[in-house]
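Biologist: I want to learn how to read a helical model. Please take me from a single residue out to the packing.

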Amino acid sequence: MNVLKKRGHQELIIIVLRFAIGAVFLWFGIDKWIHPDAWYGWIPAWLWPLLPLKPDTFLWLNGAFEFVVGVLFVGGRLLRPASVVAGAFLFVITVTLGASEVTVRDTALIGSCLALFLHENAKARRPVPSNIVSTACSLYVLFLFVYGVLYLRSGA
């Protein structure tokens, strides 16, 4: 049977989006457990003294968080809260690390989380009010513009 007829074109797009976002979170979460040394360099020097945990413990917990978020996306569970949490997490990383090739990727992932949130919110029994959703979308576009200018000015 044709998958597009059974689920609908839009639902197939959402499944692909869920798996794409989920794969990134699963991949990075698991990698933090397997190769924590590779991730030390991504923690800004000013953050190390503020961490109440040993670096390995911090990375393990961060990896566990990313793994859980990835499972939620792939499993299609709690997609609205998972999208918000994942987008906020990526936003903090992007702002913390500054404009670079890596964080440009994260800005696209934030947009993917926002798109998934918008889709799930439209189907929800109690959706987030449209004025809040419109504001969030406008702030995302503003963030992309400002971040893009900063990235281009940095010469990264």
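Biologist: Where is the place of Asn121?

Modeller: Helices (H or I, at least four residues) and strands (E, at least two) are DSSP runs, numbered from the N terminus. Asn121 has its place in helix α5. Bear in mind that this is a predicted model, where local features need pLDDT of at least 70, side-chain atom pairs count only at pLDDT 80 or more, and totals for chains, interfaces and linings use all residues. Residues are numbered from 1 along each chain as its sequence is written, and side-chain values use heavy atoms, with hydrogens and water left out.

Biologist: Is Asn121 buried or exposed?

Modeller: Start with the cut-offs. Buried means under 20% relative accessible area, exposed over 50%, and partly exposed in between (1.4 Å probe, protein chains only). Asn121 has a relative accessible area of 6%, so it is buried.

Biologist: With which side chain does the side chain of Asn121 make a polar contact?

Modeller: A polar contact is a pair of N or O atoms within 3.5 Å; within protein, one must be able to donate a hydrogen and the other to accept it, and residues adjacent in sequence count only if both atoms are side-chain atoms. Here the partner is the side chain of Arg80, at 2.7 Å.

Biologist: Which residues is Asn121 in contact with, leaving aside neighbours within four places in sequence?

Modeller: Contact means heavy atoms within 4.5 Å. On that basis Asn121 touches Arg80, Pro127, Val128 and Val133.

Biologist: Take Val128 from that list. Where does Val128 lie?

Modeller: Val128 sits in the loop between α5 and α6 (130-154). Its relative accessible area is 27%, so Val128 is partly exposed. Beyond neighbours within four places in sequence, Val128 is in contact with Arg80, Phe117, Asn121 and Val133. The C-alpha atoms of Val128 and Arg80 are separated by 9.9 Å, although the two are 48 residues apart along the chain.

Biologist: Now packing. At what angle do α5 and α6 pack?

Modeller: Axes are lines fitted to C-alpha atoms, for helices over the stretch in contact, and angles run from 0 to 180 degrees between N-to-C directions. For α5 and α6 the angle is about 170°, with the axes 11 Å apart. Angles under 35 degrees count as roughly parallel, over 145 as roughly antiparallel, 65 to 115 as roughly perpendicular and the rest as oblique. The two helices α5 and α6 are therefore roughly antiparallel. Residues of α5 in this contact include Phe117, Leu118 and Asn121, and those of α6 include Val133, Cys137 and Tyr140.

Biologist: How do the residues of that contact of α5 with α6 divide?

Modeller: Ala, Val, Leu, Ile, Met, Phe, Trp, Tyr, Cys and Pro count as nonpolar, Asp, Glu, Lys and Arg as charged, and the others, Gly among them, as polar. The contact of α5 with α6 has 13 nonpolar, 4 polar and 1 charged.

Biologist: And how do α2 and α5 pack?

Modeller: Helix α2 (residues 9-34) and helix α5 (residues 101-123) pack at about 135°, their axes 11 Å apart. So α2 is oblique to α5. A crossing is left-handed if the near helix is turned anticlockwise from the far one by less than a right angle, and right-handed if clockwise. The crossing of α2 and α5 is left-handed. The residues of this contact of α2 with α5 are 9 nonpolar, 3 polar and 5 charged. Glu11 and Ile14 are among those from α2, and Ala115 and Leu116 are among those from α5.

Biologist: Is Ala115 buried, exposed or partly exposed?

Modeller: Ala115, found in α5, has 36% relative accessibility, so it counts as partly exposed.

Modeller: The axes of α2 and helix α3 (residues 55-75) come within 7 Å and cross at roughly 155°. So α2 is roughly antiparallel to α3. This crossing of α2 and α3 is left-handed. By class, the contact of α2 with α3 has 16 nonpolar, 6 polar and 3 charged residues.

Biologist: What is the phi of Leu78?

Modeller: Leu78 has a positive phi of about 50°, although it is not a glycine. Leu78 is in the loop between α3 and α4 (79-97). With a relative accessible area of 59%, Leu78 is exposed.

Biologist: Step back. How many helices and strands does the protein chain have?

Modeller: The chain has 6 helices and 0 strands. Its C-alpha trace spans about 50 × 35 × 30 Å along the principal axes. Buried residues make up 33% of the 156 residues. Among contacts between residues at least 6 apart in sequence, 67% join residues at least 24 apart.
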